[in-house]
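Hi,

Here's the structure I promised to pass on. Have a look at it first, and my notes on the aromatic rings and the core follow below.

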Amino acid sequence: MASTCLRPLLRYRSFATLFLTPLLLLPLPIAVPTREAKCAYIIIIMAVYWCTEVIPLAVTSLMPVVFFPLLGVRSSKSVCLQYLNDTTMLFFGGLIVAISVEQWNLHKRIALRVLLILGVKPALLMLGFMVVTAFLSMWISNTATTAMMVPIVQAVLDQMDNTEHDVTMMEQAAGQTNTVIELEEKNASDPTSVHVISNGQVPDDPRSSEEKKMRKRICKGMTLCICYAASIGGTATLTGTGPNMVLKGQMNQLYPNNNDIVNFASWFGFAFPNMILMLVLTWLWLQCSFMGLNFKKSWGCGTERTAKEKAAYNVLKAEMKKLGPISYAESNVLLMFVLLVLLWFSRNPGFVKGWASMLFPGGEKYITDSAPAVLIALLLFILPANKPKFKGWNPSMSDPGQAEEDIKKPFLSAPLLDWNMVQRKMPWSIVLLLGGGFALADASAAASVRIHPLYVMLPGTLSASFAFMLPVATPPNAIVFSYGHIRVLDMSAGHRELSLTVPGASNSPRAQPAARGAASLLRRGAAGARAAPFRLQRLLSKR
């Protein structure tokens, strides 16, 4: 009864949240008329708006520009500077390079090539999907990587299922014919026998239901591995995901004389081994949960390819064939991508002098990772997408009109990127979210606990990227969930029982303790990852 009465009021929940939140919190700046209290007032309002999304997240991020100067917390000049600082430009340049990779399908070519190399055995196929997804997520957005990989996984799974269905139907038809022949022979030799099977019908094989369950588990594991690998892979590079950029911005904001301790090379040296470890643990967890520990079946040790595996391989090969040979534009984008990574790593590696200090006097003080990122972004708007044609005017040509038309054509074709494409694909809301976070950090009063700030900031940054439990936690989770193969309980590790019942391995006494040990270890890791302390960082990971 009470719920029925309150149901009409739900229509007004967004309106109430939007207007009642500032009114209910108004006593804070009135009772404590300090800059700190006024800053806290705006921070709490923004946190409520971010959590409830009563207005768009990017719009909420613009509130400091208006209210910090009005309340006397910070000047308009200092607040606005936070929205396009060095960290934001680094993120912006990296996103432009990622857009060019997506535009020319270079990421798809890399993904298919790696999958064809690794093979299509169940365990290797899952590992291949995860390795490719994690690698691509290091450089392009987690959302774009997941949106590209899930259809490939879906096509492979569909083809494997169709092939298995065809093989099963042929086996059942052959078995049914043999059974009818045997019964006819038996009836002819023994007329008094009872007809157990009539009309040529064969009882359903009890193994078929078990095989369907197994196929469903494999489908869940294959799709879940994509969103998990996308979130994990984004942690390996500084530009891989939003929380990493927030960390760099906070360090530069709160500790301007930190000697550029968080740069691309130092972050990669710290985060890449951790990414490899988390990827392996996640792969083992998904193997135990959805495929079991039947190593002979999963790894295919000493066995030939089955019809399903041949079908999966043919799907990947067909997709690779559709791309054709590598184009001139793809070669240019790949060259720019490799050049950018080399410039990032060699700018200030730490153990030797980098190009910033060797080529430019005092360059280590003036040049940051944003400079090569924007340089490569500029080149992408200049380099041609088609190979230049060196043609001169030849008066002896048979078709003077065609020769004249060739001369009028520009020497350079359209560039690799145009601004309209960048405008459509650039996640501008993330740029504003970063700016809003930096503005809040600039206005807050920082408390000292006499420990190195990275001891606190690094766990929070990494934990924000490990939001695995719910479909709404990250866009990769939502994309995978939308395909309908998994439920919320499948994503939530705390509500899932480890299932190791697979054909041929269910009675193995050695497999069960090992699986339980691995599951226990991974549950502890997942529990730590779920304790993400900063809602803002988790929101910024939604790219």
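I get 14 aromatic pairs in this predicted model, taking rings of Phe, Tyr and Trp (its six-membered ring) as paired if their centres lie within 6.5 Å, and calling planes under 30 degrees apart stacked, over 60 edge-to-face and the rest tilted. One of them is W139 with F264, a stacked pair at 6.1 Å centre to centre and 25° between the planes. W139 sits in the loop between α10 (122-137) and α11 (142-189) and F264 in helix α14, so this pair ties together parts 125 residues apart in sequence. Helices here are DSSP runs (H or I, at least four residues), numbered from the N terminus. W139 is buried at 13% relative accessibility, and F264 is buried too, at 1%; buried means under 20% relative accessible area, exposed over 50%, partly exposed in between (1.4 Å probe, protein chains only).

Then there's F268 with F345, edge-to-face at 4.9 Å centre to centre and 85° between the planes. That pair links helix α14 to helix α17 (residues 328-347), 77 residues apart. F268 is buried at 18%, while F345 is partly exposed at 28%. Both pairs fall in one aromatic cluster, whose members include F135, F272, F337 and W344.

Some housekeeping: residues are numbered from 1 along each chain as its sequence is written, and side-chain values use heavy atoms, with hydrogens and water left out. As the model is predicted, local features need pLDDT of at least 70 and side-chain atom pairs count only at pLDDT 80 or more, whereas totals for chains, interfaces and linings use all residues.

Cheers

Definitions and conventions. Helix = DSSP H or I, 4+ residues; strand = E, 2+ residues; numbered from the N terminus.
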